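Biologist: I'd like to learn how to read a fold from the inside out. Could you walk me through one?

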Amino acid sequence: TREALDRCGASVLVVDNYALDSEWEEAVKAPELQLVAIDDLADRLHSVSLLLDQNLGRRAQDYEDLVPGGCHLLVGPKFALVSPMFTSLRDESLRRRAGAEMEHVMISMGGVDAQDATSAVLRCLGVRRPASLREVSVIMGRHAPHLASVRTLAASLPLPVEIAVDVTDMAQRMARADLAVGGAGVTAWERCSLGLPSITVVLAENQKNGARALGEAGAALVVEGVSELTAQLAEHFAAMEAEELRGRISRASANLVDAQGLQRVCDELEKLS
């Protein structure tokens with residue numbers, strides 16, 4: 001890394017890896033180089049000038065003993081790294097939420113979905129789907145191990161199901177959807193930025209605290225693991241048929257993430273450089 005930095009002449013290095021801590025950061029440091037860490041665990045020492053943790057429920061105090069005294073902390077979804085595509089569609093998406101029926105459900109469990117959560121959601125919709133539902137969109141990656149079986153399952157359902165692979169227009173798709181069922185990672189902040197009512201599913205242990213915080217803030221209904229999908233989804237779908245609940249979740253989520261976080265972080269990075 002030092003050799004690469006010497007060749008390119010970078011003045012700021014951003015690191016985002018659970019395996020990296022203060023030992024690595026000290027080894028790569030140079031007088032002309034500023035280090036920035038992206039973290040969400042608050043479980044190890046860092047030797048950086050700036051640290052970003054965009055999770056809801058995280059406090060700056062969680063890092064007080066883990067970073068140098070002069071480290072600048074950017075903490076909370078105010079700094080969520082949401083693409084400008086979502087920023088540009090935010091107003092339009094929020095306007096269409098008012099009075100919208102739950103006609104279009106989007107399912108997005110990450111590009112790989114190794115646990116095949118997508119199939120669990122589709123099976124639930126096949127047994128008990130909201131009366132107003134007219135369309136289902138499934139977003140997956142081409143390397144998802146269960147893609148073929150998801151296609152087969154979707155074809156057997158008594159409603160239109162689109163399987164979209166490696167999409168480049170996620171913001172537009174979210175803006176058109178009336179409800180999302182998705183993971184609790186970065187896409188949770190994208191959904192919030194558009195006020196998209198969501199059933200958020202914990203797909204990894206490091207997502208659990210953030211998902212719980214979303215639920216406590218009234219910004220999503222939460223399922224705390226793929227193993228609980230079958231037991232909880234039908235109840236959550238039934239609850240989401242109420243326009244009043246979808247409206248509350250939409251407003252709460254949009255208030256958490258205003259889609260300006262990326263610009264705020266870029267402003268701080270420019271100060272470092």
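We'll take the sheet, then the helix on it, then the cores.

Modeller: This is a predicted model, so to speak: local features need pLDDT of at least 70, side-chain atom pairs count only at pLDDT 80 or more, and totals for chains, interfaces and linings use all residues. Residues are numbered from 1 along each chain as its sequence is written, and side-chain values use heavy atoms, leaving out hydrogens and water.

Biologist: In what order do the strands of the six-stranded open sheet run?

Modeller: Strands are DSSP E runs of at least two residues, helices H or I runs of at least four, both numbered from the N terminus. Two strands pair when DSSP finds at least two bridges between them. Here the order is S7-S6-S5-S8-S9-S10, with parallel pairing. At the edges, S7 (161-165) and S10 (221-223) each pair on one side only.

Biologist: How many bridges join S5 and S8?

Modeller: Four, linking residues 104-108 to 179-183. Ser108 sits opposite Gly182 in S8.

Biologist: Which strands does H4 touch?

Modeller: Contact means heavy atoms within 4.5 Å. H4 packs on the sheet against S5, S6 (135-140), S7 and S8.

Biologist: And which residues touch the most others in the largest nonpolar core?

Modeller: Such a core is a set of buried Ala, Val, Leu, Ile, Met, Phe, Trp, Tyr and Cys residues joined through side-chain atoms within 4.5 Å; buried means under 20% relative accessible area (1.4 Å probe, protein chains only). Of its 35 residues, Ile107, Val121, Leu122, Ile199, Leu229 and Phe237 touch the most other members. H4 (residues 117-127) gives the largest share, six residues.

How values were computed: Buried < 20%, exposed > 50% of the residue type's maximum accessible area, 1.4 Å probe, protein only. Axes fitted to C-alpha atoms, helices over the stretch in contact; angles between N-to-C directions.
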